[in-house]
Amino acid sequence: MQKTVSDGQLTRQSYISEVDGAEREYFVYLPRGYAASSSQQWPLMLFLHGNGERGDGRQDLDFVLTHGPLYEVWAQKRDLPFIIIAPQLHMFGMDKKFAYIANRSRDSIPARQEQGTPERTYFSPIGEMQPGEMVDEWGQVAPLLPDGWERVEQDLLNILQHTTERLRVDQSRIYLTGISYGGFGTWYMASRHPQKFAAIAPVVGWGHPDFMPSIAEASLPVWAFAGGRDTAVQKSHFFGGINKLEQESDAEVRFTIHEDMAHDVWRRVYEGQDIYDWLLKQRRESPGQE
């Protein structure tokens, strides 16, 4: 299936998952101008969605359009100069654990309007702004949430490899970003394969200090985002990893807390232009060497 987005294209690409052998699909967005030149190479962005957008990679895939850069190019008709790939994480039983997944409706999937764009909405923050609870013993904190993107690590690597072989990708500018569960997945994939990426931008997903040595050694630039009123992922849980990264890395480390916002900081982050401009400035001189 192919959908036209301005002069860009939103397509689906099939693959066989290493997890269960099932045929699944992921979104591929080709930016405006991609088809006009047979030689121009383009930056690539891998986007990892949050917990609520999991699914079967087929009929459920449109839920991936709900948030993030694909929402921007699809529903909001933004012209972003990236090839964007966005797979869908397996359900792994999460629909049995969370009502917001089990009871979700396809009506919540943003539609592309013939005229105009949908009104942007935000969560209503609850309570006053607070400092947050500090973590004293990181050795007692699990590095990841259960059943996340680490379980499809090989799928993600395969998708990246297939994309770079099939499309005109500037391999010095491959970026990784994600929200919530996808933010945790961003830290994990960066720690495991730091040389594959020119920069990462985890949003409302903190990184465990144990992940930071490999990221620092690879001099991988990082811009992380948290919500000051986020009750799902506390801003103070970012401090341990960010502090360690600042101590050990010679690359740029940015950490932005939107103190007035709840968990949906990603809406403001991807709605803006700063994250895209910052990513585009980052290059890896010797990409892909691990």
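Which residues of helix H9 (residues 274-281) are buried? They are Ile275, Tyr276, Trp278 and Leu279, where buried means under 20% relative accessible area and exposed over 50%, with partly exposed in between, for a 1.4 Å probe and protein chains only. Because these residues cover an arc of only 165° around the axis, they lie on the same side of H9; the arc is that of the directions from the helix axis to the C-beta atoms. The face turned away from this buried side carries the exposed residues Asp274 and Lys281.

The model is predicted, so local features need pLDDT of at least 70 and side-chain atom pairs count only at pLDDT 80 or more, while totals for chains, interfaces and linings use all residues. Residues are numbered from 1 along each chain as its sequence is written, and side-chain values use heavy atoms, with hydrogens and water left out. Helices (H or I, at least four residues) and strands (E, at least two) are DSSP runs numbered from the N terminus.

Strand S8 (residues 222-227) is mostly covered, with six of its six residues buried. Val222, Ala224 and Ala226 are buried on one side, and Trp223, Phe225 and Gly227 on the other. S8 pairs in the parallel sense with strand S7 (residues 199-203) over two bridges, pairing being defined by at least two DSSP bridges between two strands. Here Val203 stands opposite Phe225. Six bridges join S8 to strand S9 (residues 253-258), and these two strands also run parallel; Ala224 has Phe255 of S9 as its bridge partner. The chain crosses from S8 through helix H7 (residues 239-248) to S9 in a right-handed β-α-β crossover, that is, with the strands pointing away from the viewer, the path from the first strand over the helix to the second runs clockwise. S7, helix H6 (residues 212-217) and S8 likewise make a right-handed β-α-β unit.

The largest pocket has a volume of about 740 Å³. A pocket is an open set of points on a 1 Å grid over the protein atoms alone, where a 1.4 Å probe fits, with protein on both sides within 12 Å along at least five of seven lines; lining residues have an atom within 4 Å of a point. Of its 35 lining residues, Tyr100, Phe123, Ser180, His263 and Trp266 lie nearest the centre of the largest pocket. Helix H2 (94-97), helix H5 (181-192) and helix H8 (265-271) each give two or more residues to this lining.

The second largest pocket, of about 240 Å³, is lined by 16 residues. H8 provides the largest share of that lining, four residues.

Methods: Points joined across faces, edges and corners; volume = space filled by probe spheres on them.
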